[in-house]
Amino acid sequence: MNAARNASEVAKRLISKETIRPLASAESFARGRSYADDGAVSDLLRRGDRLTAEVEGSEFEPYQVSIRLHGDGVADAHCTCPYDWGGYCKHIVAVLLKFADEKTPVIERKPIAELLAELDQAQLIVLLEKRTESDPELVTWIEAELATAIPARPPHRPDASRRRTPVDPAPVREQARV
């Protein structure tokens, strides 16, 4: 846990107002700062390189923000708000500003890959089946992921007369997420 906490502190020091400012428009940055100052950001959680939080906004339900960090700062970010005018939205800015603030508590948890690695296949199946009962869209997502997965390469057959190039599933996966 110390290593995770130390990595978090290093990332916090690398993310500052100066590194956040160019990621958003001047208006989004100013409004994000207001949101952060007004306490609109809650449940700041870090799992490895993923930072998530909820941000109160104009809708009844809070917006969900997910940010992927890397050694130098932010790799990418997503918010459930409809903002699409260039740069990050005010909700993402607010989360980043709160994360950069050394006084902000950040809940540290194991990355999901570590949690799942501890389970065997039967446990994973039970876990997914349980979740699909309350989230039917997950079944559709799993089907799409499995349909676009590249199968393992069969052993080379000398009698194979033509080459088969696999389809890149990344664009299909991205479309399925939307």
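Throughout this passage, a residue is called buried under 20% relative accessible area, exposed over 50% and partly exposed in between, with a 1.4 Å probe and protein chains only. The model is a predicted one, so local features need pLDDT of at least 70 and side-chain atom pairs count only at pLDDT 80 or more, while totals for chains, interfaces and linings use all residues. Residues are numbered from 1 along each chain as its sequence is written, and side-chain values use heavy atoms, with hydrogens and water left out.

To start with the overall layout, the protein chain has eight helices and five strands. Helices here are DSSP runs of H or I with at least four residues, strands are runs of E with at least two, and both are numbered from the N terminus. Read from the N terminus on, the order is α-α-α-β-β-β-β-α-β-α-α-α-α. Of the 178 residues in the protein chain, 26% are buried.

Next come the charged pairs. A salt bridge is counted when a side-chain nitrogen of Lys or Arg sits within 4 Å of a carboxyl oxygen of Asp or Glu, and by that rule there are five salt bridges. One of them joins the side chains of Glu27 and Arg31, at 3.7 Å from N to O. Both residues belong to helix H3 (residues 26-37), where they are four residues apart, or about one turn of the helix. Glu27 is exposed, at 54% relative accessible area, whereas Arg31 is partly exposed, at 38%.

Another salt bridge pairs Arg50 with Asp76, with 4.0 Å between the closest N and O atoms. Arg50 is in strand E2 (residues 50-55) and Asp76 is in strand E4 (residues 73-79), so this pair ties together parts that are 26 residues apart in sequence. Arg50 is partly exposed, with 33% relative accessibility, and Asp76 also counts as partly exposed, with 29%.

Arg131 is partly exposed at 46% relative accessibility, and Asp135 is partly exposed at 23%.

What about the cysteines? A disulfide needs a pair of cysteine sulfur atoms within 2.5 Å, and the structure holds zero of them. For Cys79, the closest cysteine sulfur is that of Cys81, 3.7 Å away, which is too far for a bond. The sulfur of Cys89 likewise has its closest cysteine sulfur in Cys81, at 3.7 Å, and that is also too far for a bond. Cys79 is buried, with 9% relative accessibility, and Cys89 is buried too, with a relative accessible area of 3%.

Then there are the aromatic rings. Rings of Phe, Tyr and Trp (its six-membered ring) count as a pair if their centres lie within 6.5 Å; planes under 30 degrees apart are stacked, over 60 edge-to-face, and the rest tilted. That rule gives one aromatic pair. The pair consists of Tyr83 and Trp85, which are edge-to-face, with 5.3 Å centre to centre and 70° between the planes. Tyr83 is partly exposed, at 24% relative accessible area, while Trp85 is exposed, at 68%.

On the surface, Ile112, Leu115, Leu116 and Leu127 make up a nonpolar patch, and together they have about 320 Å² of accessible area. Patches are built from residues with over 30% relative accessible area and no salt bridge, joining like charges within 9 Å and nonpolar side chains (Val, Leu, Ile, Met, Phe, Trp, Tyr) within 5 Å. The areas come from the Shrake-Rupley method with a 1.4 Å probe, and for residues only the protein chains shown count as cover. Helix H5 (residues 112-117) supplies the largest share of this patch, three residues. Leu115 is in helix H5 and is partly exposed, with a relative accessible area of 33%.

Last up is Thr19, a residue of helix H2 (residues 17-20). Thr19 is partly exposed, at 34% relative accessibility. Its side chain reaches the backbone nitrogen of Ser16 at 2.8 Å. Thr19 and Leu97 are 78 residues apart along the chain, and their C-alpha atoms are separated by 10.0 Å.

Methods
Polar contact = N/O pair within 3.5 Å; in protein donor to acceptor, adjacent residues only side chain to side chain.
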